[in-house]
Amino acid sequence: MKYQHLFVHFEHDDGNPANVSFEMLGEARRLMDDFNRKYSLNEKVIAIILGHNTKPLCEKAIHAGADAVIFADHPELRYPKIMLDTKVICSIVRDRKTVAKAVEVSEDYEKPRYMFFGADAIGRHLSSTVLAELESGLASDVNKLVVDDVIITHEHKTKGKPEKYEKISFMYRPDFSGFLWTQILCLDNKNPEIASEFSPQACSIIPGVFQPVIDKSRKGNIVEYEPTFAGKDLRIRITKREIIKSEVPLEDYNVVVAFGRGIKDAPESNIKLIEQFAKVLNAEVAISLPLSKQPYPVSQSIKSTYFIPARVVGTSGKKIKPKLYVAIGISGAAQHIIGMKESEFVVSINPDPDAPIKDESDVYIQGRMEDVLPALIDSVKKLKGGK
Ligand SMILES: Cc1cc2nc3c(=O)[nH]c(=O)nc-3n(C[C@H](O)[C@H](O)[C@H](O)COP(=O)(O)OP(=O)(O)OC[C@H]3O[C@@H](n4cnc5c(N)ncnc54)[C@H](O)[C@@H]3O)c2cc1C
């Protein structure tokens, strides 16, 4: 078998594991246990860890579900450097000898069958460069995975003939504001005129979706890979590293009022209403991702205050857990929900009773913000004694 095993890129920040690493390993374990039962095989979950002095992470990866870990320890790998990390990851997964030290591999092993990366700032970038280098495809921002066989008839891929594809990873992602699930399949070209194989079947996984499963009694092989670098690999040198504190500390607030594209009918005056509402609640203001792309013509001061990435909640922004989260004119796409689902109490205002945000809400107010907010502002003011 040329393609075997599921490789998971274990992400960490200078030795502090990212939660998504454990979540991916939990899902990898479940997927490969099902896979091995279904196909009577014995393929493994292998974590790849790059870094410096990160050996202690290897055991954690095993406890979280990996059968084996291949790690590379080098001062140059201490912080993420996309091109360098791409080179090391690709060298590891293509090196049969190294993989064979970790798990059993077939004689004709060439590349992984499946690969996982975290769908965060690092994993999204790294997954694309690794998969380009491995000459295969990538599904980004996945939040459900199923492995199955499928018969496909396609004008180009199969030259119009029905062809059976086996052990295909159905990689699901939410699209169109979470109203539609898209299934992404990474399929070989079986059309003889353009025949080619695409492996690994790889994806980046939305943080916060899957459950980690920690079992400290688990044991596994830990294998060191010694990377070699040529001069041109070391063109980027990190001389100083500073974590910049967010200009909008959403995570410090008990109450967060968030707005989305529902402001569209009167952006400027709706934002003024939202500002007043946030003020009476002593809340900070957040936005959905599309607002950070400055979609509406508003004054420069509103634009620079509100339409900024630092206010985005979701997979591309912040994950917060305030006591109260008010979602105004937000549909509730999966990528947004990930950022606010741990809020203690959620209120949403939306005229569409089918908007997914309704299911995430403790209180759903069906209506337009233009009508609902003035009444709410009045009520809160009265409750606070007219102040
Ligand atoms: C890779 C990727 C990452 C992403 N990351 C994020 C992320 O981190 N955060 C994020 O938010 N999104 C993210 N998205 C985008 C996400 O998929 C949705 O497109 C986005 O969240 C939708 O924003 P919205 O709810 O403001 O807009 P819409 O989906 O357009 O919803 C607007 C809502 O407003 C309601 N509405 C209309 N008029 C009114 C009114 N007068 N009063 C009240 N409500 C009204 C509508 O009924 C509708 O439900 C990401 C997408 C991708 C592909």
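Reader: What makes the length of helix α3, residues 82-94, close to the expected one?

Author: In this predicted model, α3 has 13 residues and reaches 18 Å from its first C-alpha to its last; since the expected span is 1.5 Å times one less than the number of residues, the 18 Å expected is close to what the helix reaches. Helices are DSSP runs (H or I, at least four residues) and strands likewise (E, at least two), both numbered from the N terminus. Residues are numbered from 1 along each chain as its sequence is written, and side-chain values use heavy atoms, without hydrogens and water. Local features need pLDDT of at least 70 and side-chain atom pairs count only at pLDDT 80 or more, while totals for chains, interfaces and linings use all residues.

Reader: Which residues of α3 are buried, and what do they pack against?

Author: Ile82, Leu84, Asp85, Thr86, Val88, Ile89, Cys90, Ile92 and Val93 are buried, and the buried residues of α3 pack against β1 (3-9), β4 (45-51), β5 (68-73), α4 (96-102), β6 (111-118) and α5 (121-133).

Reader: Why is Tyr114 called buried?

Author: Tyr114, which lies in strand β6, has a relative accessible area of 1%, and buried means under 20% (exposed is over 50%, partly exposed in between, with a 1.4 Å probe and protein chains only), so Tyr114 is buried. Leaving aside neighbours within four places in sequence, Tyr114 is in contact (heavy atoms within 4.5 Å) with His5, Leu6, Phe7, Met32, Phe35, Val147, Lys167, Ser169, Pro200 and Gln201.

Reader: How many cavities of 30 Å³ or more does the structure hold?

Author: The structure holds one, a cavity being a set of points on a 1 Å grid where a 1.4 Å probe fits but cannot get out. The largest cavity has a volume of about 120 Å³, and of the 13 residues that line it (an atom within 4 Å of a point), His9, His12, Leu50, Pro80 and Asp85 are the closest to its centre.

Note on methods: 1 Å grid on protein atoms, 1.4 Å probe; cavity = no way out; pocket = protein on both sides within 12 Å on 5 of 7 lines; lining within 4 Å. Points joined across faces, edges and corners; volume = space filled by probe spheres on them.
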